[in-house]
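Dear colleague,

Please find below the structure that I am handing over to you, together with its sequence.

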Amino acid sequence: MHLDHTHPGPAAVSADARRPDGSRRALRIGLGGPVGSGKTATVAALCRALRDELSLAVVTNDIYTREDAEFLLREAVLPPERITAVETGACPHTAIRDDISANLEAVEDLEDAVGPLDLILVESGGDNLTATFSKGLVDAQVFVIDVAGGDDIPRKGGPGVTTADLLVVNKTDLAPYVGSDLARMAADAKAQRAELPVVLQSLRDERGVADVAAWVRGRLAAWTA
Amino acid sequence: MDGVTVTGVRGHARIVARADGRGGTALPVLDGEGPLAPRRTRSTGPGAKVMVVGAMSGPLGGDRFTLSARLEEGARLHVGSAAATLALPGQTKDAARYDVRLDVADGAELHWLPEQLIAAEGSDLYVTTRAELAAGARLVLREEQVLGRTGEQPGRLTSRLTVRIAGRTVLDQELSCGPGAPGGWDGPAVLAGYRAVGQLVVVRPRFARSPVPAQVLGEGAALVPLAGPAVLVSAVAPDALRLRRLLDEASARLD
Amino acid sequence: MSRAALLVLADGRFPAGGHAHSGGAEAAVKAGRITGAASLEDFCRGRLHTAGLVAAALAAAAALGADPAGLDAAADARTPSPALRAAARRLGRQLLRAARATWPSPGLDAVARQFPKGAHQPVVLGLAARAAGLGPGDAAHCAAYESVSGPATATVRLLSLDPFDATGVLARLAPELDRVADSAVEAARRVADEGTDALPAASAPLLEVMAEAHAAWPVRLFAS
């Protein structure tokens, strides 16, 4: 906190692009989606793909305390001081949409502690298809679904599938085993989302998270432009 | 309070401890009037030892007792009591009051370890303990409240404990229980049926440099660092014996 | 004074982080001490007359303009559990953010500068009430109500308790809540002359002890 008089303005209240000292804050990208769709694995893969070129940090929103944060710590995708867990009182969607105060504290604390940061990934706890991030918390959001959750999810739509800045259909390698029709999922997603991008990925393939990482780089270039 | 003293007994005891310049502690003041009598006893450790003897049972409703101890620079004093203090119903409907005032100067160390305070059925007592410590003072203070003698209903007891270090209050808490206490005192947030509750406060200047981490000591007890160079052990137990055991174990952890 | 502003501040959906805290209910549920509406009511009543009364008096004193630093220190002295002190500061910081966005005021900005890591939530609540044009009685009512509404909401989630039963508990506590708020304001008015020692210090041993145990659980639903 700056007590001198050169920065008399209040600290950023929510989505302000500037930090209290006038510098640009990190780009914040939210990752949401149903339980088990591969959000944490995608975050881990993104950290590995981007950590050498960017200064980044992660906030997790767990249903039960710190499980996702601890997975990331175990996988050592980032130094521990760059990973923070927000406790959500059994309501992860509340913490990312209706009452974002704890998440805002977490992202600002990370910037204070390990900044300057280029990027902060905010991962939602696994929730339902209607859970989306508040614009007061993140600048862009990724919605992660998987082929095993049913290939009719894109057709059914819902706020996550329809409005997320990027839709990721994960675990495409499992499609033959669970009887999901990838072409149909892609077509349905396109119909629901018009021009908004969709990525089909398998983290087990060689390409891995490369398409999502490329999209993140694009957002970051626009943010700092 | 005048109305109270008309019907009740007034008791007052005063202790002043002073370093005698030869590594020991003198007691230039050791006064008691009424039912409270402080007696110097042979000390097994360094410093002086005093036992407070209650010459009469009490306090009864309407009584007013005060007990004060002042430790001057470098003095070391251990104060205990010969028996548990039993709060009993009096002739009047008035509450009894018991005030303890402790002042500890720099370099002085007070061990204030009285026996339990038992709130017998029908009693009504308000007790305050206020410790004022200089920045370089040390303190070990134990308080135990037992709600009712074995098999009887508790009396009404309110107990406020305040500890100030170098003019700053680091602990201020009041427990109110028994018939007529604010609602929920025996419920799941406050005592949940436990009949013995105790506090152990330990103040040491070195805690400012090396704070003691919080520790959970089983079901009903925790050792916590306060916002200052002090720790508090808070404990609840079914009876006085088990409470004492919890506090003794906690105390041993701090040595 | 605006009655509607009080509704905004007291609304359970006011985005200040309260939803992630159970006020000790999660630990009491696990210990088997809250098992249904009756024991929830007993829990809430005990919390109201202890932590609730203290919070209400701190909030009222802050709303009356007492020095926030002095009140924050008084809150520390009345909160032996470091887990609860940390939770209160975290919630205070979150509430301050929400209040500054809702009722922008130089006073709240100054508090944000003075307490970068957060002040105790009831102190901030009183300052937020002041910024919203509310008085000490409103602040005390808000704090006292939060002291019981948090555990009631959490218990609905933890025990799948019938939400109508939980709301009934809150309604039955209303007359006592009014009395607690009144006595909190009375104490708060004495702070100007007598200092913070005039504030109540009612404590609940099990809330303090259990908060430390809860903070050490590896898996829990609520932050406190």
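Leaving aside neighbours within four places in sequence, Gly36(A) is in contact with Asp146(A) and Lys171(A), where contact means heavy atoms within 4.5 Å. Before going further, please note that this is a predicted model, in which local features need pLDDT of at least 70 and side-chain atom pairs count only at pLDDT 80 or more, while totals for chains, interfaces and linings use all residues. Residues are numbered from 1 along each chain as its sequence is written, chains are lettered from A and ligands numbered from 1 in the order in which they are written, and side-chain values use heavy atoms, with hydrogens and water left out.

The annotated loop of chain A

Gly36(A) sits in the loop between S1 and H1 of chain A. Helices (H or I, at least four residues) and strands (E, at least two) are DSSP runs, numbered from the N terminus. With a relative accessibility of 48%, Gly36(A) counts as partly exposed; the scale calls a residue buried under 20% relative accessible area, exposed over 50% and partly exposed in between (1.4 Å probe, protein chains only).

Val35(A) is found in the loop between strand S1 (27-32) and helix H1 (39-50) of chain A. Is Val35(A) buried or exposed? Val35(A) is exposed, because its relative accessible area is 65%. Not counting residues up to four places away in sequence, Val35(A) touches Gly126(A) and Asp127(A).

Both residues belong to a feature recorded in UniProt: the unreviewed entry places a "binding site" at Gly33(A), Pro34(A), Val35(A), Gly36(A), Ser37(A), Gly38(A), Lys39(A) and Thr40(A). UniProt positions are given in the numbering used here, feature names are shortened, and annotations may be inferred rather than shown by experiment.

How the chains meet

Two pairs of chains touch, and the most contacts are between chains B and C. Chain A and chain B, by contrast, do not touch, and their nearest C-alpha atoms are 20 Å apart.

Paired strands in chain B

Two strands are said to pair if DSSP finds at least two bridges between them. Strand S3 (residues 36-41) of chain B is joined to S4(B) by six bridges, and the two run antiparallel. Pro38(B) has Val52(B) in S4(B) as its bridge partner. S3(B) and S4(B) form a hairpin with six residues between them, and Gly47(B) in the turn has a positive phi of about 85 degrees.

Strand S4 (residues 48-54) of chain B is also joined to strand S6 (residues 76-81) of chain B, through five bridges and in parallel. Here the bridge partner of Lys49(B) is His78(B) in S6(B), and Met51(B) stands opposite Gly80(B) in S6(B). S6(B) in turn pairs with strand S9 (residues 109-113) of chain B, in the parallel sense and over five bridges. Gly80(B) stands opposite Leu113(B) in S9(B).

Cavities

Rolling a probe the size of a water molecule over the atoms shows where empty space is left. On a 1 Å grid over the protein atoms alone, a cavity is a set of points where a 1.4 Å probe fits but cannot get out, and lining residues have an atom within 4 Å of a point. Grid points are joined across faces, edges and corners, and a volume is the space filled by probe spheres set on the points.

How many cavities of 30 Å³ or more does this rule give? The count comes to three. The largest cavity has a volume of about 90 Å³. Of the 13 residues that line the largest cavity, the closest to its centre are Gln173(B), Leu175(B), Gln199(B), Ser203(C) and Pro205(C). Two or more lining residues come from each of strand S12 (138-147), strand S13 (156-165) and strand S14 (168-177) of chain B, and from helix H10 (205-215) of chain C. S14(B) gives the most, with three residues.

Helix H10 of chain C

H10(C) is mostly covered, with nine of its 11 residues buried. Among them are Pro205(C), Leu206(C) and His214(C). His214(C) is counted as buried because its relative accessible area is 3%. Leaving aside neighbours within four places in sequence, His214(C) is in contact with Glu26(C), Ala27(C), Arg220(C), Phe222(C), Ala223(C) and Ser224(C).

Yours sincerely

Methods. 1 Å grid on protein atoms, 1.4 Å probe; cavity = no way out; pocket = protein on both sides within 12 Å on 5 of 7 lines; lining within 4 Å.
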